[in-house]
Each structure stands twice: as C-alpha cells, then as structure tokens.
Amino acid sequence: MTLQKQSIKVLVVGCGNMGASHAIAYQNTEGFEICGIVSTGKSKEVLNERLGGGYPLFSDYAEALASTKPDAVCISTYPDTHEAFAVMALEADCHVFIEKPLADTVEGAKRVADLATKKGKKVAVGYILRHHPSWEKFVEIAQEMGKPLVMRMNLNQQSHGVMWNVHRNLMKSLSPIVDCGVHYIDVMCQMTRSKPIQVNAIGARLTDDIPEGNYNYGQLQIRFEDGSVGWYEAGWGPMMSETAFFIKDVIGPKGCVSIVAKEAGGTGKSDNVDSHTKTESLRVHYSDINSENAFTRADEWINLTDEPDHQELCNREQRFFLKAIQENVDLTDHLEDAVNSLRIAFACDESVKTGLPVML
C-alpha cells in the first residue's frame, strides 16, 4: 500500500499580479492546499471569487498566521514587508515562498536566510527566470561564447493605469534597478560564474510622483573578476520611451546570443507582465571568419517549443517549492544567490546616490 503525501497547507499573503498567479498555481498543483488568503484591501475578495470562493479571508497577517496554522506561507506583498513577514512565518515553523527581493535591505535578507537555516525550513525566492527553459538556454549558450563576456540587458516600462500605481507603491521602498535588477544581476552571475568586483550606476528622478531621494530611471554597470562586464537599465513611468526597451544580448570572443522577442518587444507591451519573460527566439551569431574576413557560419535561430506563459512559470516555481519541501532539497545556494544579487543591486543604488563607483 502506497502512503499518500499529506497536502501542504499554504497561506497566500498578497493578491496582486504575483500573489494571484501563485494562488492559482497552488490550487492547480496536487500537494498544496490553500488555507487562507490575506490582503489589506479588496483584492482578497477578487482573488477568492476567481478561485471559486470558499477560502478564509483575512486583513491581518498575524491573525491569519495564528488562525490557519499553515505549513507554508507565500509572500507576494510589497518589498518593505518581506523581511518581517518571512521572519514571522519562520518563527511559526512555516516554509516560505517569497517574491523577490528577499528583503528591502541586505541585512534583512541575511536575517531571513540565517533564520531559515536555524529553523530547518525551506525559503524559496521568486527568481522566475530560473524556471524558464529559454532563459536557461540563453545562459547555457552565453557560457559557450568564451571570456570575457559583455552582457547588455534592459527592461524599461512605459507604465500607466494600474501598473503605474503598482510601480509608485514599489518605489516607496526600492528603485527599479534594485526591485527589477536583481533578476538580471542573477542571470549575469550565472553566465560568468565569476565574482563581481565593482559597480557603477546612474539614475534620474523624472517625476515628483515618487518619494524624494528615489529615482524611477536607473542604469547599472558591473565589472567581474574574469574581465566580463554587464549593464542593466530599468525605467518605470508614463514618460518612458518604448524605443529599444527590451534588450537581452550577450557578446563573447566566439560570438553573441540574443533574445529576439518580436511580439513581446512590440509597442505597448513594455508594462505587460506576460511580456517580461517571453523569449520567442534566440539568435546565435558566431565570430568565425576565413582569410578574407568573411563569416564561415550562418547565424542560428533557436525557437524552443516549450515557451511557458507567466502563469505556467508560476506553476513551475511552486512545483520547485513543493519538491524542496517534500524531498528536503538543500536551498542553501539558492538563498545565497538571492542575498548576493540583492547585495550587488544595493551597491548599485549606493553608486547612484553618491555618484561614485562601489567596490564589492
């Protein structure tokens, strides 16, 4: 007789884009059972209805934690709550899935990681690109292009309507190059597998609609120990340009590989969350030339058939989380990578504010 694994009771905290997608993933994944939904506003009622209704709803996180006694907590709230909510969950002996960034300070991220180790609980961070087969292929091909690498990436968003509300709320605690940049810094670190040694960054405050001292456009540059360099650019707001807002390009001595997202990179798509993970095609160019300096290899187009949409990527993240809990997967490196990418992002933030390079 085969014993059935008991479902993991999960408390969903935060019901925006990511929280709703993760809740749908839990509902559709055998092994999880939603035991409650938490938000301060009406979004929990909207999500509850979308899920078919019947879930306990809470406005207060601490009350929900005490009442539902979950096995795991999914935190998809604004970054300034991440550390406190994760600590409360871990202290209640819960596993944690948490949207990036892990915290809104490096020290806070370390506290969460250390507490996870102390309590023997799993903490998975929402690095969604790590679960995308096309991005995995992008990293793999980049690693075959020799060293040093030149990595060029951006994601500017001409946000308006609801997305401008979301971005303004995010900028109450973080800049775009911290909140969004941790994804791409993580990708660069995977591509080089080298230690970052220096960052430079610039930023501009293009609206009075965000807190003083913050900026809604930023560009960062990273130097790695192996000679590789990379830049990432992120701007949010209704004033942002949609010309060349989607660049994902890696160059090495042996050639280059680029994400060519013809549809996702089209006009009007820059603040569409579904577009941010789409690759559609990878274009691989080889630098091989003959004695007349003519190319000897044609460019190669890779169109991967497994192109998950945003919801399927969230499903895959939650299957990863489930496996980590059920099979006791060691997430030490996963958490260290999350802390490291945040440390680099905050160094870039410091460079913007001081106008000086920061050594790592």
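At least two lining residues of the second largest pocket come from each of α5 (106–119) and α11 (332–354), with helices (H or I, at least four residues) and strands (E, at least two) taken as DSSP runs numbered from the N terminus. The model is a predicted one, so to speak of local features takes pLDDT of at least 70 and side-chain atom pairs count only at pLDDT 80 or more, while totals for chains, interfaces and linings use all residues. Residues are numbered from 1 along each chain as its sequence is written, and side-chain values use heavy atoms, with hydrogens and water left out.

Back to that second largest pocket: it holds about 260 Å³ of space. A pocket here is an open set of points on a 1 Å grid over the protein atoms alone, where a 1.4 Å probe fits, with protein on both sides within 12 Å along at least five of seven lines; lining residues have an atom within 4 Å of a point. Of its 16 lining residues, Ala113, Thr117, Leu331, Thr332 and Leu335 lie nearest the centre. α5 gives the most, 5 residues.

The largest pocket has a volume of about 980 Å³, and its lining runs to 41 residues, with Asn17, Met18, Ser76, Val166 and Leu170 nearest its centre. Two or more lining residues come from each of α1 (17–28), α7 (162–170) and α9 (181–192); α7 has the largest share, at 5 residues.

As for annotation, the unreviewed UniProt entry places "domain: GFO/IDH/MocA-like oxidoreductase" on residues 143–237; such annotations may be inferred rather than shown by experiment. That span, residues 143–237, is 26% helix and 32% strand, and its end C-alpha atoms lie 34 Å apart.

Notes
Grid points are joined across faces, edges and corners, and a volume is the space filled by probe spheres set on the points.
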